[in-house]
Amino acid sequence: MTTVPVVSSSITIPSIHYLAILPVIILLGASVVLVFATALVRTKVTQFVASSVTVAASVAVLVVTYFQWRCLDSSGPSTTIAHAIVLDGFSVVATGVVAVSLLMATLVAHDWALRERIVGAEYQILALAASAGAVLMTQANDLVVIFLGLEILSLGLYVLVAFDRHRHTSAEAALKYFLLGGFASAIFIYGAALVYGATGSTNLSTMSYFLASNVLTHPGLLYAGFALLIVGFSFKIAAVPFHLWSPDVYEGAPTPVTGFMASIVKVGAFAAFVRVLISALGTQIDTWRPILWVLVVLTTVVGASVALLQRNAKRMLAYSSINHAGFILLGIWAGTTRGVASTLFYIVTYAPTVVATFAVVTLVGGLGDENHSIGGYRGLARRQPWLGASMCVLLLSQLGAPLTSGFYAKYSVLASTIDVGGSPLALIALLSAAIAACFYLRWSSALYSDEPVEATRIVVPLSTGIVIGVGVAMTLVFGIWPGPLVTLCQHATLLFTP
Amino acid sequence: MAHVSTLIVILPLLGYLLVLINGSRLTERQIGYVATGVVGLSFVASVVTFVLLLHRHSRQVTVHLFNWIDVGTLHVPAALLIDPLSITMCLFVTGISALIHLYSIGYMHGEKDYKKFFLYLNLFVFSMLTLVLANNLVLTFVGWEGVGVCSYWLVSYYFDRDSASSAGKKAFIYNRVGDVGLLLAMFLLFSRTGTLTYVGVFARAGSLSPTVATLVVLALLLAATGKSAQIPLFNWLPDAMEGPTPVSALIHAATMVTAGVYLLVRMSPVLAISSSGRLTIAIIGGVTAFVAATIATSQKDIKKVLAFSTVSQIGYMVLAVGVGAYAAAIFLMVSHAFFKALLFLGSGSVIHALNGEQDLRKMGALQRFLPLTFPTFLIGWLTISGVPPFAGFWSKGDVLTNVFEHNKILWVLGVVTAILTAYYMSRLFVLTFRGTERFREVTHGHDPHESPWVMTLPLVVLAVLSVLGGLLDLPWIHHDSLAGFLSSTFGYVAPLHAQSTLSQYGLAAVDVAAALIGLAAAISIWRSRTEDERLTPAFLEHVWYWDDFYDATIGRPLEELAVFSDVVVEDEVIDGGVMGLAVGISRSAESVRKIQSGFVRHYALAMMLGTAVLVVFLVARVS
């Protein structure tokens, strides 16, 4: 079953379905354009130009996803570039989420850069590149391509985390993230090598086919391989016990970057994780399920309970996002089509919510991005009702309150878990949500506290205001009327499911 | 026809909205006339619908308005069911309502919340018509709750009086207990038949097992006892007399309190399946009629007497339903609406004349001062007492004849109640209009004055209706009158043995005798006295100590339970548990947080350990 490399005199170019890779091309292209612009244009590229290019690129990606969806409707899902890239409903929706996150995060970062007097287009260049990596991860059908996407995503983010040169915590966080990320990448690529050794391919569909048609007499190599892959993904999604970097990095990174990270890293990493576990290793579900079970329990419970002790908004949101990662894992644990759909729904609704939340945190952080104690939010909703109420809605959505998108997201992952007999697991996750409710509610009630606090009025710049408004609107619309989005996620199934 | 019948319901709502939006720009008079006008037009619409229905071949028309609830297998349309039963209800509900609205213009003159009164009154008529015309139980329930809440608002209209606000609450809570019955009946019917429209339920009624049918009937009976003030939920009605007198006449005598009877009659195809359920209904009705009549003999407040009289008369209706005499129940309901509205409005005129005095002991000899109220009240008195040829004689006789056929014991109880009825009404009449003048103290020596035309006109109209109401359904023309018109809407009724003319005349003679005995006894006793401890025993005056019984068995234990829940369960068990849990979680989280040292080497170590555990787990799985 080993593949013997054939030495050939000419290089065969595989057929390329350009529509499938157009999002990556657009994002990388925009990034390159900006690089050239900074290098060639004599005057500095203004924030306005850089942000406009980024916004245009993300809108273009959204338009492309629409055509991709139409293409799927007419000719069904397909693979391209020697089966390394996949075009299916799941990748299209996930790409759309990346584009929306990039769009929203750019608008927030634009105001932040103006406030902090940051010049140049570097931020946008890196964000575009990182988004390209995330999109590549959602489309990858090969462990090597996943790794490629992961690295493009991570390298961009390492620099973005360090972006705030005035604060040493920013650099420290970046260094930590870089060291541990490198460590995790090594583990991941080692896992990929072992899996290749066991199955003879790095291509997910070939692996899936191989595992379905052969019984491994010595599965040790495969098991060790995917154990390491799981570790690699767990690091990216910050599942306990591979989460330790995330509070420090969330706290240290410039706040708009934190919001950007929290959304697109989750989209990319979860999308690839789903593909590897369900598409490629679906036949091994009995082996990886117990691992995920433990990961879900640790991630949800530790995330929720340690968050209780935090007094820093960004750290608290870091633990909150750990708790959410646990919930998203539930859908993968279920391993069913419904589970995948609910995971996707969770990601789709969580990404805009978290970007908008960090947009508020960016505003409250003030000049220098330093003011992140929860105490700073006291009475915010009394002083500035719209801003405060928006934050309250966003927090309640993360809590999973009814009439917000967070409610249906939690409901659907729990329901798909219970479907396959995971009631105890669902119960534990639910209890963690109850613990998490404490800190979300404490924060929300602080917003409405009427103790007089010495505070200056927070100026809400236009584009950040739009982002917060859009985030709240999406939270409420998908919360009150989740039907269409649910249907979309149900139609966005994976190409290869066992 | 669809448009006209929709107007019946929409017009009162329109009046409500008009007054609500424009109320501040309209004068008191204009508000009153707008509110009265829309109800009058609604009556006209009912008449037109009635005439159209008469000329139709099929006497059952569904007017679909819109789809209201469409969830899974539950489909509830907002639709009206026009059939003989609903249109009969509409006719007398809108007719009486229009008269009482007119009366209220005079009676409520100068009240502080004049506008609010008419708002609630219009809303009430809208709700009542929704209840009556709905083609399914859910929409009926909307009307049912709507009349309940309007009743609550209107009973506690003088909310600055403690007695009025607590009477409102009492009415509301008793009704809520009954409402549970209607909800249970709906749940049960939906689970067994999969539909809640009347037509759908009746089509599948045959498939209900007798046990289920009995449960449904008992649940409906619970609902009826709440709304129609029957034992065991009857004692909210006397307290509800705290509301203004037109409200007592409209809601707590003529219309809303008969909704329970209407519901039972409407569901007669289900009642047909359960004979034990019907027997229970008959017993509840008969006993309530009797108990309320005994209480009415000993009340000192003119409106309280009439309130218990209402309970008693509705008892008759329920009794009629229990023996399957649905047409008789509706006949009594309509004629009762005439004469009881007349009596209430008459008493309102008396109260109006005496500056709000309601105590019978402070009235007397009013005959001379109220030239229009007196003769109309006289007619009301003779009608309710069952003196021929007034409406009460025919309708009550119809009920008792049917009861005689089915159950002799209940018939005896009914006749005794008839004697009591004639007795307490005569006592009321004599104490109010005859005897000595005892009102000078409340009128400060002035002569009482007759009410304005807006108040006396309804009295005259209702008096005429009370006299002629019997024509609706005379015994020898049943097939061509009300009973024949209604018969198509009822479930199977066991046919009466054709009663011999002789026995019919015999039963009628018994009714007349009962009326005359009661009349004679009361006149001879109360002509010469105003108070007598022996004739108004405390047991009866205090409503058989019914309230005290509920207070001791339900009210106080519940209050103790509430205190216990507050002090022990809430403070110690729940709060303690939650606090303990919270402290526990914080402590354990504190220890987990220690791992978060900030050093990369520690983080890497944790990752390495996690990886090692994972690999060891999988290796163990392989071997």
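Predicted model: local features only at pLDDT ≥ 70, side-chain atom pairs only at ≥ 80, totals over all residues.
Glu541(B) counts as partly exposed, because its relative accessibility is 27%; partly exposed lies between buried, under 20% relative accessible area, and exposed, over 50%, with a 1.4 Å probe and protein chains only. Its partner in a salt bridge is Lys300(B), with the closest N and O atoms 3.0 Å apart. By salt bridge I mean a side-chain nitrogen of Lys or Arg within 4 Å of a carboxyl oxygen of Asp or Glu. The pair joins distant parts of the chain, 241 residues apart: Glu541(B) is in helix H22 (residues 538-541) of chain B, and Lys300(B) is in the loop between helices H13 (275-296) and H14 (302-322) of chain B. Helices here are DSSP runs of H or I with at least four residues, strands are runs of E with at least two, and both are numbered from the N terminus. Lys300(B) is buried, at 18%.

Residues are numbered from 1 along each chain as its sequence is written, chains are lettered from A and ligands numbered from 1 in the order in which they are written, and side-chain values use heavy atoms, without hydrogens and water.

Two further pairs in chain B deserve mention. Lys170(B) forms a salt bridge with Asp239(B), at 3.2 Å between the closest N and O atoms. Lys170(B) lies in helix H6 (residues 162-193) of chain B and Asp239(B) in helix H9 (residues 236-239) of chain B, so this pair ties together parts 69 residues apart in sequence. Lys170(B) is buried, at 16% relative accessibility, whereas Asp239(B) is partly exposed, at 26%. Arg368(B) and Glu437(B) also meet in a salt bridge, at 2.8 Å from N to O. Here Arg368(B) is exposed, at 60%, and Glu437(B) is partly exposed, at 32%.

In chain A, Glu172(A), Lys176(A), Asp248(A), Glu251(A) and Arg315(A) are linked in a salt-bridge network. Over all chains, the search finds 26 salt bridges.

How many salt bridges cross the interface of chain A and chain B? The rule finds zero. The two chains bury about 2,400 Å² between them, 81% of it on carbon and sulfur atoms; buried area is the accessible area (1.4 Å probe) lost on putting two parts together, summed over both. In contact, meaning heavy atoms within 4.5 Å, are 35 residues of chain A and 23 residues of chain B.
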